[in-house]
Amino acid sequence: GHTPRNIGKNQSTADYIIMTGDDNYYVPSLTYELKLYTANKPGMVYWDMITSNWANYTWFNTRVADGFIDMGCFATRNDLAKQIDLEPACYIADHAFVIEFNKRFPRERVIKIPKILFVHN
């Protein structure tokens, strides 16, 4: 489940949090891109990904919506992420997290970086 992610985000002191898995890979410019897009402190920043999807690597055009984003495709401002707990036994928290984010913080800016910055393996 997501117990380690809850512990990690609650202990984080960074400005933004990316909750990811051990089968995920990021492009080397991710840190640079995040600095550019988080300068004005949006609530969430997200990007597209490549997914291995049964050995066929394909582009996945993400959206902040149920079924259209992976946990590794977004960074959430720390103060907001800490207000959303992930269900420890639930494996769909990627979608549940963004749905809860939208419900709790409808006025927060959400910005999409128009690049593929993540590979979900």
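One term before we start: buried means under 20% relative accessible area, exposed means over 50%, and partly exposed is in between (1.4 Å probe, protein chains only). You're looking at a predicted model, where local features need pLDDT of at least 70, side-chain atom pairs count only at pLDDT 80 or more, and totals for chains, interfaces and linings use all residues. Residues are numbered from 1 along each chain as its sequence is written, and side-chain values use heavy atoms, leaving out hydrogens and water.

**Stop 1: helix H2.** Select residues 30–37 to get H2. (Helices, H or I with at least four residues, and strands, E with at least two, are DSSP runs numbered from the N terminus.) Leu-30, Glu-33 and Leu-34 are buried here. Look down the axis of H2: the buried residues fall within an arc of 100° (taken from the directions from the helix axis to the C-beta atoms), so they line one face of the helix. Turn to the other side and you'll find Thr-31, Tyr-32 and Lys-35 exposed.

Stop 2: Now pick Glu-100 and Arg-104, whose side chains meet in a salt bridge (2.7 Å, N to O). Is Arg-104 buried or partly exposed? At 40% relative accessibility, Arg-104 counts as partly exposed.

Terms used:
A salt bridge is a side-chain nitrogen of Lys or Arg within 4 Å of a carboxyl oxygen of Asp or Glu.
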